[in-house]
Amino acid sequence: MFAFGGLTMPAAAGSLVSTATHGHAEVRVTEPLWLRGLLIGLALVFLALFLLVPLLLVFSAALENGVKAYFASLVSPDALHAIYLTGLAAAVSVPMGTLFGLAAAWSIAKFHFVGKNLLITLIDLPFSISPVIAGLLFVILFSPTHGYFGPWLAGHGIRVIFAIPGIIIATMFVTFPFVARELIPLFESQGTEEEQAARVLEASGWQIFWRITLPNAKWGLLYGVILCNARAMGEFGAVSVVTARVSGVTNTMPLEVATLYNDSGCYAAAFALASLLAMLGLVTLVAKTFVEWHVASQLTQAQKR
Amino acid sequence: MSIEAQRISKTFGAFRALQDVSLTVEAGELVALLGPSGSGKTTLLRIIAGLEQADPGSGPIKFHNQDVAHRDVGSRQVGFVFQHYALFRHMSVFENVAFGLRVRPRARRPTKEQIREKVTKLLKLVQLDVQAHRYPHQLSGGQRQRVALARALAIEPKVLLLDEPFGALDARVRQELRQWLRRLHDEIHLTSVFVTHDQDEAMELADRVLVMNEGRVEQIGTPDEVFHNPKTEFVMNFLGQVNQFHGRVEGGKIHFATLSLDAPHPSLSPPQLVRVFVRPHDLEIETKRNGHAAFPAVIKRVHSAGPNVRIELQTDSGEPLQAEMPQDRFRALAIGVQSQVFVSPRTVKVFDRGQNVFVHGEGI
């Protein structure tokens, strides 16, 4: 009898202890139901008020005068020109930003060289200064009347400020860190062992880049490109400073929206164009979420090794 | 194909990773570079491969009597197995192995059919033909290791270099792969060098072992030579357990513990302090004084789980000792913790200023 009791005691004590810890752990990680409900509710209300409602308002304002007027305002010459300019700015600055990002991230993450820290700091510059200042910087450089290079360029018939080159340069400036910023941590976590293995197998530099480095980084690269594109199409400040905001001449989509709304008072037309930008944002968001998932798995794979 | 590396030095900043190291590997030989971490063994391997450059002033690196020191890593035709395998994570097992063939310049590139044939053959050799379409992250450590090996062999390398090939595997897989690699080597006879910090691995696998410490070569020899005739104190210490005594040379004899042994070595002129080493299995334990030169000790602990019984003892002067003996011998002695016993060394190795000068006993 005694032996029996002695044997069962520890087991009973053990199970008691384990329930206690279990219960304790649950209490620690979980708030009461009402508090959870309150917090989630607050977040949802905030999201609805500040994101969803404005988004819906954009679309409802755009369609205020009917579907016909909506499409008519989108195909007006000024709107089409703005869409063309935005597309052009993105078409040039996204590939440039991608090339720069790849080169910078590749050199920073895979090699050691003098001035590496300076390069890393410089990459962050467009993030850290206001786009308006970036715009002003280009005005100081390229203004045809008082810029450093402007008069000389004007003498050779090249206009930068208040013209398309200015738009492209300003857009490139604000977008070039995106791809690099995304790729540096990915490259760093993946290390250089695979490249070394490829080198031993007699692969050339290009083969290593195309067959090893790039495929390993593809999701991170795509993520950077998506962010870069969204910024290129949405950039307002820097582009606004380097152009004179002339409808049909130098206005990109965001500038045209502002012009239509503030100067011309064509609210419905402004919102119609704004709805295009909003849709671009939604598409970006979906693509970003999808790619993000792949980036995360690429990173964890790199860390697992 | 033979490998010859002469007077290789390498510094990383202020750190001297290799100092004047020379190594010769005969064609078809399997050589281990053995040493603790930081001893320079991996650096030497990477210099042979061409992944690192030796310091200026170093001697040549010859493959089959041809100097390759200034050749690029790709053109040296070495098979290299990385410590963490470095498999191409976005490629299947098949594609990993095929990579070295696919990236060849068009003129030397085999046809698709030839590549398929060759890769399939290699995957059979490493027993992974079933896993050909898996990806590296779906494989176990041992399987990844074998993919890395097949990938290295695909380019028909002249030499095979392996960096800690079993380092990242658990004990049982390690043991199996070790034996498998030795069989593979006996089959294909590829000149091979591997790096390891595990002396058992080096002893079991290699034809010859190069023991390294702090960027220098301590000793080169067959596993038997380095184990039984260690040239330096470092090698003696690194290759298995030892008991260490401070000894004194006087009157043609070496005195240590309470023993005196004849020391007819000319360089040992008295009075001189030396170090005396005895391996645990070279310590004879008896319950009575049998006329041998023996000293008394008390048994403190007994570890009998294993092929041999390991016994921790303490001498009368308080020094700890370790001894090892077969199970049946231990049972025949009928001893246990706190037993008073007499210890006599069968073989002692005497070192003067780190160098082996004298072996006394059966091991001579």
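Figure 1. Leaving aside residues up to four places away in sequence, Pro254(A) touches Gly234(A), Glu235(A), Phe236(A) and Leu277(A), a contact being a pair of residues whose C-beta atoms, placed from the backbone, lie within 7 Å. Ala89(A) is 165 residues from Pro254(A) along the chain, and the C-alpha atoms of the two are separated by 12 Å. Residues are numbered from 1 along each chain as its sequence is written, and chains are lettered from A, and ligands numbered from 1, in the order in which they are written. Because the model is predicted, local features need pLDDT of at least 70 and side-chain atom pairs count only at pLDDT 80 or more, whereas totals for chains, interfaces and linings use all residues.

**Figure 2. Helix H10 of chain A and what covers it.** Helix H10 spans residues 193-200 of chain A, and 6 of its 8 residues are buried, so the helix is largely enclosed by the rest of the structure. The buried residues are Glu194(A), Glu195(A), Ala197(A), Ala198(A), Arg199(A) and Val200(A). Their cover includes helix H4 (77-110) and helix H11 (205-234) of chain A, together with helix H1 (41-49) and S6 of chain B. After H10(A) comes Glu202(A), which has a positive phi near 70°.

**Figure 3. The side of chain B that touches chain A.** Here 19 residues of chain B are in contact with 15 residues of chain A. Strand S6 (78-81) and helix H2 (93-102) of chain B each supply at least two residues of this side. By class, the side of chain B that touches chain A holds 11 nonpolar, 6 polar and 2 charged residues; Ala, Val, Leu, Ile, Met, Phe, Trp, Tyr, Cys and Pro count as nonpolar, Asp, Glu, Lys and Arg as charged, and the others, Gly among them, as polar.

**Figure 4. The largest nonpolar core and another core apart from it.** A nonpolar core is a set of buried Ala, Val, Leu, Ile, Met, Phe, Trp, Tyr and Cys residues joined through C-beta atoms within 7 Å. In the largest one, of 105 residues, Ala32(B), Ile48(B), Val97(B), Ala150(B), Leu161(B) and Leu210(B) touch the most other members. Helix H4 (residues 141-154) of chain B gives the most to this core, with 7 residues. Not counting residues up to four places away in sequence, Val97(B) touches Val119(B), Leu122(B), Leu123(B), Val147(B), Ala150(B), Arg151(B) and Ala154(B). In soluble globular proteins, nonpolar side chains tend to be buried together.

Figure 5. Asn213(B) stands opposite Arg216(B), which is in S10(B). The hairpin has 2 residues between its strands, and Glu214(B) takes a positive phi near 45° in it.

**Figure 6. Two loop residues of chain B with positive phi.** His189(B), in the loop between helix H5 (171-188) and strand S8 (191-196) of chain B, has a positive phi of about 50° although it is not a glycine. His189(B) is exposed, with 12 other C-beta atoms within 10 Å. Gln338(B), in the loop between helix H9 (327-333) and strand S19 (340-345) of chain B, likewise is a residue other than glycine with a positive phi, near 80°. Gln338(B) counts as exposed, because it has 8 C-beta neighbours inside 10 Å.

Technical notes
Helices (H or I, at least four residues) and strands (E, at least two) are DSSP runs, numbered from the N terminus. A residue is buried if 20 or more other C-beta atoms lie within 10 Å of its own, exposed if 12 or fewer, and partly exposed in between; C-beta atoms are placed from the backbone. Two residues are in contact if their C-beta atoms, placed from the backbone, lie within 7 Å. Two strands pair if DSSP finds at least two bridges between them.
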